[in-house]
Amino acid sequence: MKTALVVGASGGMGYALVNELVSRNIHVKAFARNKEKLVALFQHHKNVEIISGDAFNEQEMMKASNGVDVIFHAISFPYQDWAKQHNRCLDMVIRIAEKQGAKIALVDNIYAYGRQSTNRITEETRKEPQTKKGKIRLAMENKLMESNIPSLIVHLPDLYGPNAENTILYETLKNVAQGKKANFVGNMQVKREFLYTVDGAKAMVELALRDDTYNQNWNVPAVHTITGEELVKVLRDITGYKKGIRTVSKGMIRLIGIFSPSMKEVVEMLYLTEQPVILSGDKYERKIGHLPRTSYRVGLEETIIWMNKRALK
């Protein structure tokens, strides 16, 4: 891979992917709608070509993808727009990849796995999503696998990291960093996974660089599971944060959802805070090698530092 296009480069995983690709001396075309944000993120990066455009505009996508080897599909949409936009966007990416002779690497989540009773979910686990958003993600996966494009589907758990603002943990981290009263979504005694975006990007780029990894699903788990209480303790140790953390329940979000379409869409996914899907990374470690595993302390510390630097600008 000499040149890569990252669609959705201004998001959390997009940002991490651009940084990882550049660290491997790969020329990156960083594509997103908001040019101002792209410039703020990447203006000082060597080997990054900033391209603002619309992922639904075929002419703009064709121009951006000219000469690329792999298209990293890291774009997402507000929950309330998933049904209208996700498959339509993937259709465009597939069409562009086919015309340009490029491969596709899809940043995916765990929603397609649905509710699971086993402890660690492998890539062979049967996918039977019960939610609207899980069914949308499975339809995307099937669409990609049925295409003629060499593709990677990389399943990641809940994310956190620099610039990862559209995540369930972001508001907690932001308020802790600012010394404000913070909320935590879900039961604080349940062990869940939170993947550091830098680790996710390292694993995904490694997969994309190989020829024998395509047309497959890959799981990239977090360093280990952690409860909300354990995570908050790490945050307190890092920041000296003294305030209490309020738990946000399903009932509270359902109430807010009466007035907010975006919050209403969150409710159906809250089962993951009570019955988490925990990924197995055995396939990756068996076929590729050791997974990137940044400790929560280091990952959270680096994320808080990034937030504080951004607040000063």
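Reply: A quick term before we start: buried means under 20% relative accessible area, exposed means over 50%, and partly exposed is in between (1.4 Å probe, protein chains only). This is a predicted model, where local features need pLDDT of at least 70, side-chain atom pairs count only at pLDDT 80 or more, and totals for chains, interfaces and linings use all residues. Residues are numbered from 1 along each chain as its sequence is written, and side-chain values use heavy atoms, with hydrogens and water left out.

Let's take Arg310 to begin with: it's partly exposed, at 38% relative accessible area. Its partner in a salt bridge (a side-chain nitrogen of Lys or Arg within 4 Å of a carboxyl oxygen of Asp or Glu) is Glu165, with the closest N and O atoms 1.8 Å apart. Arg310 lies in helix 13 (residues 296-312) and Glu165 in the loop between strand 7 (158-160) and helix 6 (170-177), so the pair ties together parts 145 residues apart in sequence. Helices (H or I, at least four residues) and strands (E, at least two) are DSSP runs, numbered from the N terminus. Glu165 is partly exposed too, at 26%.

Salt bridges with shared partners also link Glu20, Arg24, Lys202, Glu206 and Arg210 into one network. Within that group, Arg24 and Glu206 meet at 2.8 Å, N to O. Arg24 sits in the loop between helix 1 (12-23) and strand 2 (27-32) and Glu206 in helix 7 (residues 197-208), so this pair connects parts 182 residues apart in sequence.

Overall, the structure holds 20 salt bridges.
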